[in-house]
Amino acid sequence: VMAPTTVSLSTGGRIAALIELGARFHPDMTWRDNVRFAVAVRGMSRRELGSRIAEIIDFSGIERFLDTPVKRYSSGMLARLGFAVASHLDADILVLDEVLSVGDAGFQQRCHSQIRRMRSTGCTTVYVTHAMWTVPYLCQRALVLSRGKIVFDGDPNEAVSLHMSTQHDAADAGGDQDEIGRAACRERV
């Protein structure tokens, strides 16, 4: 995550982010120790963790591996650990960047349901993805970016159509699709 170079950004409240799988997790520590450390760093007290740990364990679905060092985890297991922690922090803002592309379909569906539940409680979600099918399901507002500039801001279905047609046009012209843009959605600003 980098500081903006041409704009300013101010936020209020607790922010939880899932930007890079395994970031902030110590590979030699176990799931249990990493969760304790991660929630402490993000401002959750031991008392709060005590009341939420069963939910976090259940959501992750990897209770058999609580005492295994995370260096032995697959990328899907790291996604489960990271999402379970981030989504149980009672954040005011949740930032997700391409992290739901790993894990099995059942876990991805649980994540989508958890995002919708968090949104219903007033949590702002910033969701960056190339998985266009998820945007209308998870977002009420979407942005399409091209080379760092907003080219669309509005209805998620329209954003997906624009993004897909831009990708199709770029492929036909032999352009670099990674430079064409990403769709990002925000539930509210």
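Predicted model: local features only at pLDDT ≥ 70, side-chain atom pairs only at ≥ 80, totals over all residues.
Biologist: What share of the protein is buried?
Modeller: Of the 189 residues, 43% are buried. Buried means under 20% relative accessible area, exposed means over 50%, and partly exposed lies in between (1.4 Å probe, protein chains only).

Biologist: Let us turn to charges. How many salt bridges does the search find?
Modeller: The search of the whole structure finds 6 salt bridges. The term requires a side-chain nitrogen of Lys or Arg within 4 Å of a carboxyl oxygen of Asp or Glu.

Biologist: Which residue pairs with Lys 71?
Modeller: Asp 28 does, with the closest N and O atoms 2.9 Å apart. The two lie 43 residues apart and link distant parts of the chain: Lys 71 is in the loop between α2 (46-60) and α3 (75-86), and Asp 28 is in the loop between β1 (15-18) and α1 (31-41). Asp 28 is partly exposed, at 49% relative accessibility.

Biologist: And what does Arg 52 pair with?
Modeller: Arg 52 forms a salt bridge with Asp 90, at 2.8 Å from N to O. Because Arg 52 sits in helix α2 and Asp 90 in the loop between α3 and β2 (93-97), the pair ties together parts 38 residues apart in sequence. Arg 52 counts as buried, as its relative accessibility is 12%.

Biologist: What about Arg 141?
Modeller: Its side chain meets that of Asp 153 in a salt bridge, again given from N to O, at 2.8 Å. Arg 141 is in the loop between α5 (134-138) and β4 (142-146), whereas Asp 153 is in strand β5 (residues 149-154), 12 residues apart. Arg 141 is partly exposed at 23%, and Asp 153 is partly exposed at 40%. Elsewhere, salt bridges with shared partners join Arg 52, Glu 55 and Asp 90 into one network.

Biologist: Back to α2, then. Where is its kink centred?
Modeller: The kink is centred on Arg 52 and comes to about 50°. The bend at a residue is the angle between axes fitted to the seven residues ending there and the seven starting there. Just after α2, Gly 61 has a positive phi of about 70°.

Biologist: Which residues of α2 are buried, and what do they pack against?
Modeller: They are Leu 49, Arg 52, Ile 56, Ile 57, Phe 59 and Ser 60. The buried residues of α2 pack against α1, α3 and α4 (105-120), where contact means heavy atoms within 4.5 Å.

Biologist: How many residues are in the largest nonpolar core?
Modeller: That core has 44 residues, and those with the most contacts inside it are Trp 31, Tyr 73, Leu 81, Phe 83 and Leu 96. Helix α3 gives the most to this core, with 7 residues. A nonpolar core is a set of buried Ala, Val, Leu, Ile, Met, Phe, Trp, Tyr and Cys residues joined through side-chain atoms within 4.5 Å.

Biologist: What does Tyr 73 touch?
Modeller: Leaving aside neighbours within four places in sequence, Tyr 73 contacts Trp 31, Ile 62, Phe 65, Leu 66, Thr 68, Leu 78 and Leu 81.

Biologist: How many disulfides are there?
Modeller: The count is 0 disulfides, taking a disulfide as a pair of cysteine sulfur atoms within 2.5 Å. Cys 111 is buried at 0% relative accessible area, and Cys 123 is buried at 2%.

Biologist: One last item: is Ala 159 buried or exposed?
Modeller: Ala 159 is buried, with a relative accessible area of 1%. This residue belongs to helix α6 (residues 156-173). Not counting residues up to four places away in sequence, Ala 159 touches Ala 142, Val 144 and Phe 152.

Conventions: Residues numbered from 1 in each chain as written. Heavy atoms only, no water. Helix = DSSP H or I, 4+ residues; strand = E, 2+ residues; numbered from the N terminus.
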